[in-house]
Amino acid sequence: MTEPTGPLKGLRVFDLTRVLAGPTCVQMLADLGADVIKIERPGAGDDTRGFAPPVMPGTQESAYFVGVNRNKQSVTLDIGQKDGQEIALKLIAQCDILVENFKVGALAKYGLGYEQLHAKFPRLIYCSITGFGQTGPYAPRPGYDSLIQAMGGVMSLTGEPDGLPQKVGVPVGDLFAGLYGCIGILAALRHRDLTGQGQQIDIGMLDTSVAWLANQGMNYLATNENPARLGNQHPNIAPYQVFPTKDGHIVLSVANDPTFKRFCEAFSLTHLLEDSRFVTNADRVRNRQLVTDTLTPVMMQNTTTWWVERLEALKIGCGPINKLSEVFADPHVVARNMVLEMAHGSGQTVKVIANPVKLSETPADYRLPPPLLGEHTDAVLAERLGLDAAALVALREKKVI
């Protein structure tokens with residue numbers, strides 16, 4: 001498939017992002033139909049092209065890069081050179097959206113800062129994703145996911161009570177920033193449709209990390225007390241945690257009192273319903289260690305599969321703790337088509353994780369595989385700017401492209 005079919009069909013994106021937060025944002029736009037030109041450094045490209053091993057089988061492309069760069073055309077362009085800046089401006093003139101994750105103020109020296117471009121292209125939507133946003137005392141600092149997880153508080157909440165603070169096993173700081181950026185862009189598009197006016201979206205990874213502290217952040221605001229690390233337990237619900245079983249582990253999620261009553265009645269634990277320490281969720285949260293100590297030997301009597309079958313029949317939340325091999329083989333994940341294969345420029349087929357947004361009328365489409373470095377440079381510059389072969393050769397000799 002080469003023509004977009006998604007709801008953002010007809011929109012053009014000038015992509016000046018690299019690594020993860022920005023590319024995540026832009027891939028979402030691309031999956032939903034936007035036409036994306038990904039600008040990369042000649043001879044080097046996006047940093048994540050070198051984040052290997054592993055590489056995708058039969059290619060030289062890192063799995064990291066392939067994961068967030070489909071549906072994009074790769075154009076190598078040196079925006080540090082005057083000729084490169086002129087080409088960038090001509091391409092931007094044809095675009096609706098620019099997304100960048102340079103350090104604050106860095107693009108201004110190339111004539112590509114927000115104020116400079118807004119004066120030339122007032123309809124342009126300009127999304128900046130940085131570690132700390134465009135303002136504030138930390139704005140000049142570089143931002144990295146683990147740093148943001150630490151400063152944003154989630155590491156203080158993650159890990160065993162007597163263990164070290166832990167970061168989440170995937171770079172959630174980057175991913176959330178990218179998704180919030182996409183939300184901001186879509187809102188700005190609606191505003192532009194109504195007014196004809198573009199604007200800047202200022203996404204700071206620390207801001208977004210504070211925003212998704214969610215119930216734990218609200219627990220602090222309500223009490224002025226720092227929440228303790230609880231391992232795999234829930235701060236507001238019990239039992240809602242990992243338990244050992246006869247052959248492994250299971251997550252048990254008892255979200256309310258009627259469910260706890262059903263659980264106790266099904267597994268000969270009705271005596272707990274007469275114990276004031278277990279009667280309500282608030283009681284169980286106050287006595288969480290007792291709840292854990294009481295239910296652990298019960299859960300260890302049977303296998304994970306045994307528990308899952310019976311708890312599901314009772315409509316009680318539960319689930320195994322899957323390794324990734326089990327996740328991608330899970331019949332539900334398979335039925336939801338969460339892995340797809342794309343023909344890659346290397347001649348190989350690569351597997352990628354599908355877009356999870358299921359739209360009934362305008363679903364995400366998968367037109368272009370993650371590109372080879374500069375794969376589309378000549379085609380884009382010829383088609384969009386009318387450059388002929390001689391002009392492309394000249395630019396290449398000057399290392400502009």
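Trainee: Hi! In which sense do strand β4 and β5 pair, and over how many bridges?

Mentor: Strand β4 (residues 97-100) and β5 pair in the parallel sense, over 4 bridges. Two strands pair if DSSP finds at least two bridges between them. Strands (E, at least two residues) and helices (H or I, at least four) are DSSP runs, numbered from the N terminus.

Trainee: And how was this model made?

Mentor: It is a predicted model, where local features need pLDDT of at least 70 and side-chain atom pairs count only at pLDDT 80 or more, while totals for chains, interfaces and linings use all residues. Residues are numbered from 1 along each chain as its sequence is written, and side-chain values use heavy atoms, with hydrogens and water left out.

Trainee: Back to the strands. Which residue in β5 does glutamate 100 stand opposite?

Mentor: That is serine 128.

Trainee: How many residues of strand β5 are buried?

Mentor: In β5 (residues 125-130), 6 of its 6 residues are buried, where buried means under 20% relative accessible area, exposed over 50% and partly exposed in between (1.4 Å probe, protein chains only). Ile125, Cys127 and Ile129 are on one side, with Tyr126, Ser128 and Thr130 on the other, and both faces are covered.

Trainee: Let's zoom out. How many helices and strands are in the chain?

Mentor: The chain has 17 helices and 11 strands. Its C-alpha trace spans about 85 × 45 × 40 Å along the principal axes, and 45% of the 401 residues count as buried.

Trainee: New topic: how much space lies in the largest pocket?

Mentor: About 1400 Å³. Of the 37 residues that line this pocket, Gly67, Val68, Leu175, Phe328 and Ile353 are the closest to its centre. On a 1 Å grid over the protein atoms alone, a pocket is an open set of points where a 1.4 Å probe fits, with protein on both sides within 12 Å along at least five of seven lines; lining residues have an atom within 4 Å of a point. Grid points are joined across faces, edges and corners, and the volume is the space filled by probe spheres set on the points.

Trainee: Which element gives the largest share of the lining of the largest pocket?

Mentor: β11 does, with 5 residues. By class, the lining of the largest pocket divides into 27 nonpolar, 6 polar and 4 charged residues. Ala, Val, Leu, Ile, Met, Phe, Trp, Tyr, Cys and Pro count as nonpolar, Asp, Glu, Lys and Arg as charged, and the others, Gly among them, as polar.

Trainee: What about the second largest pocket: how many residues line it?

Mentor: There are 23, with Arg18, Val19, Asn101, Gly143 and Tyr144 nearest the centre. The second largest pocket holds about 550 Å³ of space, and its lining has 13 nonpolar, 4 polar and 6 charged residues.

Trainee: Last one, the backbone. Which residues does a cis peptide bond with omega about -5° join?

Mentor: Alanine 238 and proline 239. The bond from alanine 52 to proline 53 is cis too, with omega near 0°. Proline 53 is in the loop between β2 (35-40) and α2 (63-67), and proline 239 is in the loop between α9 (214-223) and β7 (240-244).

Trainee: What is phi of alanine 214 near?

Mentor: It is near 50°, a positive value. Most residues other than glycine have a negative phi, and most peptide bonds are trans. Alanine 214 lies in helix α9 and is partly exposed at 45% relative accessible area. Serine 268 has a positive phi as well, near 55°, and is exposed at 64%.
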